[in-house]
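Have a look at the model first, and then read on.

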Amino acid sequence: MASLSTSLPKPSFQHPNTSINLPDHFHNSCLVPRNLSFQRLGLISQHGLFGKVKIARCSHQAEALVDSNTQISDVPILTCSEAFERLKKNRENQKGKQQFLAMYSSIFGGITTDTSAMVIPLDDHMVHRGHGVFDTAAIVDGHLYEFDQHLDRILRSASLAKINLPFDRENIRRILIQTVSASKCKTGSLRYWLSAGPGDFQLSPSDCHQPALYAIVIQDQSPHDSRGIKVVTSSVPIKPPQFATVKSVNYLPNALSKMEAEENDAYASIWLDNDGFVAEGPSMNVAFVTKEKDLLMPAFDKILSGCTAKRVLTLAEGLVKEGKLHGIKIDDVTVEEGKKADEMMLIGSGVLVRPVVQWDNQVIGDGKEGPITRALLALILEDMKSGPPAVRVPVP
């Protein structure tokens with residue numbers, strides 16, 4: 001611990017601010033926590049300085065932060081302690097299925113379990129330019145699942161995004177494990193980011209002080225759902241391969257694709273590549289079981305290389321040996337082939353192996369969760385609990 005802590009950046013709390021929809025000139029001077037309603041801040045009055053505020057929202061948002069007829073005035077200038085107290089009160093009022101148990105930030109050079117302090121600087125280029133990459137790892141029974149595989153992927157993503165590393169691989173690995181240990185989380189997920197870092201609001205990161213590493217441990221109360229789902233073909237353009245193969249924070253196309261699915265009473269949208277072949281989902285890979293009993297998956301050359309998908313391919317070899325599968329193929333998949341398959345599934349660290357029973361208006365197979373999909377889910381769940389040391393890293 002001593003040798004590690006001496007290499008961490010010195011704490012800096014100068015810019016622990018996040019954004020709120022205020023006029024542009026306020027973003028450079030006012031430290032206001034994000035997602036903090038004006039009503040909670042006590043900022044709403046009948047007369048104001050800025051005229052009417054119009055808030056755009058999608059159909060899934062319950063309510064706007066500010067009514068369109070409300071004017072804002074008397075925005076307070078807060079001290080650091082006052083801002084922190086409001087952050088704390090805001091967090092206390094937030095209730096959701098996810099709990100944030102611990103966060104590491106190389107900006108303040110340590111781990112915090114206080115959700116009020118789990119913020120990042122607004123001038124970090126990951127925030128205002130999208131110049132950052134991220135990855136994740138599941139926490140199962142006090143072990144990190146496929147941790148090293150995900151760690152290797154974020155380092156590759158950082159290299160392709162031209163983000164320098166704040167520490168070497170071994171120290172990053174040690175920091176992430178210590179963050180999970182501090183959280184005392186036995187089952188959840190670890191998510192972590194590498195960023196060009198804070199410095200200014202320019203496009204180039206040349207004046208960023210130093211690259212940054214952030215990590216957070218999340219405990220999700222939602223039960224795992226393995227029921228069959230519906231998917232639709234996405235009308236949102238897929239990212240070009242140069243960006244699709246990098247796990248960057250630019251997930252606007254992914255978010256729009258997911259929202260499009262929800263608007264059509266579906267779970268996810270399926271992207272097609274520029275040649276019309278099946279590509280991937282917004283945060284998961286796609287696979288099929290053909291009528292010849294082959295497990296068929298699109299190649300990773302134009303899409304993100306899924307760690308869970310690769311592990312499923314390895315585990316599926318056991319089903320080939322048992323005669324349940326004829327073979328395993330990585331190849332182009334047409335929409336027609338996909339819709340005529342006996343089984344279809346989504347694969348990812350969040351969904352694990354999720355059966356698809358309908359794509360657009362086409363029922364997949366007999367419209368029920370397929371036996372191969374169920375078998376692969378059972379294999380991945382067993383692997384997460386008792387797999388070899390190569391995929392299970394114990395957390396002290």
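What share of the contacts in the chain with a separation of 6 or more comes from residues 24 or more positions apart? Such residues account for 69% of those contacts, where contact means heavy atoms within 4.5 Å. The model is a predicted one, in which local features need pLDDT of at least 70 and side-chain atom pairs count only at pLDDT 80 or more, while totals for chains, interfaces and linings use all residues. Residues are numbered from 1 along each chain as its sequence is written, and side-chain values use heavy atoms, with hydrogens and water left out.

The chain has 11 helices and 17 strands; these are DSSP runs numbered from the N terminus, helices being H or I with at least four residues and strands E with at least two. Of the 396 residues in the chain, 47% are buried, that is, under 20% relative accessible area, with exposed meaning over 50% and partly exposed in between (1.4 Å probe, protein chains only).

**Aromatic rings**

The structure holds 2 aromatic pairs. Rings of Phe, Tyr and Trp (its six-membered ring) pair if their centres lie within 6.5 Å; planes under 30 degrees apart count as stacked, over 60 as edge-to-face and the rest as tilted.

| Pair | Centre to centre | Angle between planes | Kind |
|---|---|---|---|
| F134 and Y251 | 5.3 Å | 75° | edge-to-face |
| F288 and W359 | 6.4 Å | 25° | stacked |

F134 belongs to strand β5 (residues 132-140) and Y251 to the loop between α7 (241-244) and α8 (252-263), so the pair links parts of the chain 117 residues apart. F134 is buried at 8% relative accessibility, whereas Y251 is partly exposed at 23%.

F288 sits in strand β11 (residues 285-289) and W359 in strand β15 (residues 352-359), so their pair ties together parts 71 residues apart in sequence. F288 is buried at 1% relative accessibility, and W359 is buried at 0%.

**Helix packing**

Helix α9 (residues 307-321) packs against helix α11 (residues 371-386) at an angle of about 110°, with the axes 10 Å apart. Axes are lines fitted to C-alpha atoms, for helices over the stretch in contact, and angles run from 0 to 180 degrees between N-to-C directions. That makes α9 roughly perpendicular to α11 (65 to 115 degrees). On the α9 side, T308, R311, V312, L315, A316 and L319 make the contact, and on the α11 side I372, A375, L376, L379, I380 and D383.

How values were computed
Angles under 35 degrees count as roughly parallel, over 145 as roughly antiparallel, 65 to 115 as roughly perpendicular and the rest as oblique.
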